[in-house]
Amino acid sequence: MTSAPQSRNGGPEGRGRDETRARILIAARDCFSRHGFDRTTVKMIAAECGLTDAAIYYYFPSKRHVLEALWSVRPNRGVRGTPATEPLTPERLKQLNDAVIDFLTDNHQLMRLMIRSALDGDEVARALRSDNRATWRRALYEHLRTIATEDEASFTTELVMAYITGATMRGHMETGEAFGEIARSAEFREELHRACLELLDVSFASPAV
Amino acid sequence: MVQPVERRPNFGGDEQTTTRERILTAARVLFSEHGYDATSVRMVARACGLTNPAVHYHFRTKRDLYDALLADPLNYAYDGKSGDRIAIAASMEHQFYQWVENIDFARLLLRQQVGGDPQSLQYLRDSEAAYIDDISAAMEAAFGREAPRRAAQLAFTLLSGAFWDAILTYGENAATVMRDDYYRQRIRGFIDAAIRVAGRNRP
């Protein structure tokens, strides 16, 4: 992450400029996520991506501008919205849960930053987090609706989301930077899915033969 | 304005408040409102009508004061002796809402925990262990030995997830949203789901 192809302190136009900007954003995301916005300095971001402070200021007028630019970075692969055509099976629910865990692990620095910023009262972070959850909620609800009434599907959606939120936020707290790796493991996902099945009170469709 | 006495959470005992407790109560409120860094020992002293040296007599540093707060978990021992399903559910709901009533403190803790502060993480682990001990003992009395610890563990993760999400989603309005009937019904549903696990036979 620190080894950059070359250091560009000037004002190159086009591709090189975009690449440097992207590198700064990645370094900033990691620093903010690790130390929080207040405790991160521009110097730390510069050190993380092997640039000078001055180079950072060439691209962004202030630390606050770096944070705001981060919010417009598209996360790695969104929560996939697959259509709910078949009645839901436990296997399909596991796929849905795994897709969410993929999203949270691929973007774990950004997710932690979003949580920290939302706690600091950052409205943009809070809105982005709510958007992500709305996509997740919609996908889960559509699938649960194939085997449950509207009320049941809506309650069950909230239950699955609350459980996964509790388990993954706890994972962030307990494992810090290592969370991305841990949540990628089959054990973590199996356990999460098993817990959801234990808590759910719905009649799944039988798996297709 | 700071009103430490009115906002004093229920720690169980109603015996006469000692100076030490008064300081802790004021500190809890001030840390919750201003965060750790922006709170000074002087502010704590002023809020409970003491001098700086008086506070220092009980707590040598601000960090000691903070550590003492974390060593003094909100007391939510299960008090239902009847050990039936309804009593357990009511007790679990009560505990959840005790945290809602102390949401500023919970928010402070959450911020520290997400930042990886070891002391506040230990506090979370201790709270979890105490919760699981209490709830599983009650569940075992009611349902026998099927899966009470598992059920209590699931309840803790589920309810903390719901609580943290409300803080993150609703910000300053989180407590108001959670006190709403609609939300309360959902929490009851979550609690029932966890209790059902305790009463169920699983291979």
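This is a predicted model: local features need pLDDT of at least 70, side-chain atom pairs count only at pLDDT 80 or more; totals for chains, interfaces and linings use all residues.

Trainee: What does the secondary structure of chain A come to?

Mentor: Chain A has 10 helices and zero strands, so that, by the assignment of helices as DSSP runs, its pattern along the sequence reads α-α-α-α-α-α-α-α-α-α.

Trainee: And what about the secondary structure of chain B?

Mentor: Chain B likewise comes to 10 helices and zero strands, and from its N terminus the elements run α-α-α-α-α-α-α-α-α-α.

Trainee: How many residues does each chain have, and what percentage count as buried?

Mentor: Chain A has 209 residues, of which 51% count as buried, while for chain B the figure is 51% of 203 residues. The accessible surface of chain A is about 10100 Å², with 51% of it belonging to carbon and sulfur atoms, and that of chain B is about 9800 Å², with 49% belonging to those atoms.

Trainee: What share of the contacts joins residues at least 24 apart?

Mentor: In chain B, if one takes contacts between residues at least 6 apart in sequence, 69% join residues at least 24 apart. For chain A, 72% of the contacts with a separation of 6 or more come from residues 24 or more positions apart.

Trainee: Switching to voids, how many cavities of 30 Å³ or more turn up?

Mentor: A search of the whole structure gives three cavities of 30 Å³ or more, and the largest cavity holds about 330 Å³ of space.

Trainee: Which residues lie nearest the centre of that largest cavity?

Mentor: Its lining consists of 19 residues, and those nearest the centre are B:Trp99, B:Leu124, B:Phe156, B:Ser160 and B:Phe163. The elements that give two or more residues to this lining are α5 (85-101), α6 (103-114), α7 (118-143) and α8 (148-170) of chain B, with α8(B) supplying the largest share, six residues.

Trainee: How does that lining divide by residue class?

Mentor: The lining of the largest cavity has 15 nonpolar residues and four polar ones, with no charged residues.

Trainee: What is the volume of the second largest cavity, and which residues are closest to its centre?

Mentor: The second largest cavity holds about 230 Å³ of space, and of the 15 residues that line it, A:Leu104, A:Met111, A:Arg129, A:Arg133 and A:Trp136 are the closest to the centre. At least two lining residues come from each of α5 (90-106), α6 (108-119), α7 (123-144) and α8 (150-175) of chain A, and by class the lining has nine nonpolar, four polar and two charged residues.

Trainee: Now the open side of things: what volume does the largest pocket have?

Mentor: The largest pocket has a volume of about 610 Å³. It is lined by 23 residues, and nearest its centre are A:Arg39, A:Arg116, B:Asp37, B:Arg111 and B:Gln112.

Trainee: Which helices supply that lining, and how does it divide by class?

Mentor: At least two residues come from each of α1 (15-35) and α6 of chain A and α6 of chain B, and α6(A) gives the most, with four residues. The lining of the largest pocket divides into six nonpolar, eight polar and nine charged residues.

Trainee: Which residues have the most contacts inside the largest nonpolar core?

Mentor: That core has 100 residues, and the ones with the most contacts inside it are A:Tyr163, A:Leu199, B:Met92, B:Phe96, B:Phe163, B:Met178 and B:Ile187. Helix α8(B) gives the most to this core, with 13 residues.

Trainee: What does A:Tyr163 touch?

Mentor: Leaving out residues up to four places away in sequence, A:Tyr163 touches A:Glu191, A:Leu192, A:Ala195, A:Cys196 and A:Leu199, and, from chain B, B:Leu154, B:Thr157 and B:Leu158.

Trainee: Last one: why does B:Arg149 count as partly exposed?

Mentor: B:Arg149 is partly exposed because its relative accessible area is 48%, and that class lies between the 20% and 50% cut-offs. B:Arg149 is found in helix α8 of chain B, and it touches B:Ile132, B:Asp133 and B:Ser136, not counting residues up to four places away in sequence. From C-alpha to C-alpha, B:Arg149 and B:Ile135 are 8.0 Å apart in space, and they are 14 residues apart in sequence.

How values were computed
Residues are numbered from 1 along each chain as its sequence is written. Chains are lettered from A and ligands numbered from 1 in the order in which they are written. Side-chain values use heavy atoms; hydrogens and water are left out. On a 1 Å grid over the protein atoms alone, a cavity is a set of points where a 1.4 Å probe fits but cannot get out, and a pocket is an open set with protein on both sides within 12 Å along at least five of seven lines; lining residues have an atom within 4 Å of a point. Grid points are joined across faces, edges and corners, and a volume is the space filled by probe spheres set on the points. Ala, Val, Leu, Ile, Met, Phe, Trp, Tyr, Cys and Pro count as nonpolar, Asp, Glu, Lys and Arg as charged, and the others, Gly among them, as polar. A nonpolar core is a set of buried Ala, Val, Leu, Ile, Met, Phe, Trp, Tyr and Cys residues joined through side-chain atoms within 4.5 Å. Buried means under 20% relative accessible area, exposed over 50%, partly exposed in between (1.4 Å probe, protein chains only). Contact means heavy atoms within 4.5 Å. Accessible areas come from the Shrake-Rupley method with a 1.4 Å probe; for residues, only the protein chains shown count as cover.
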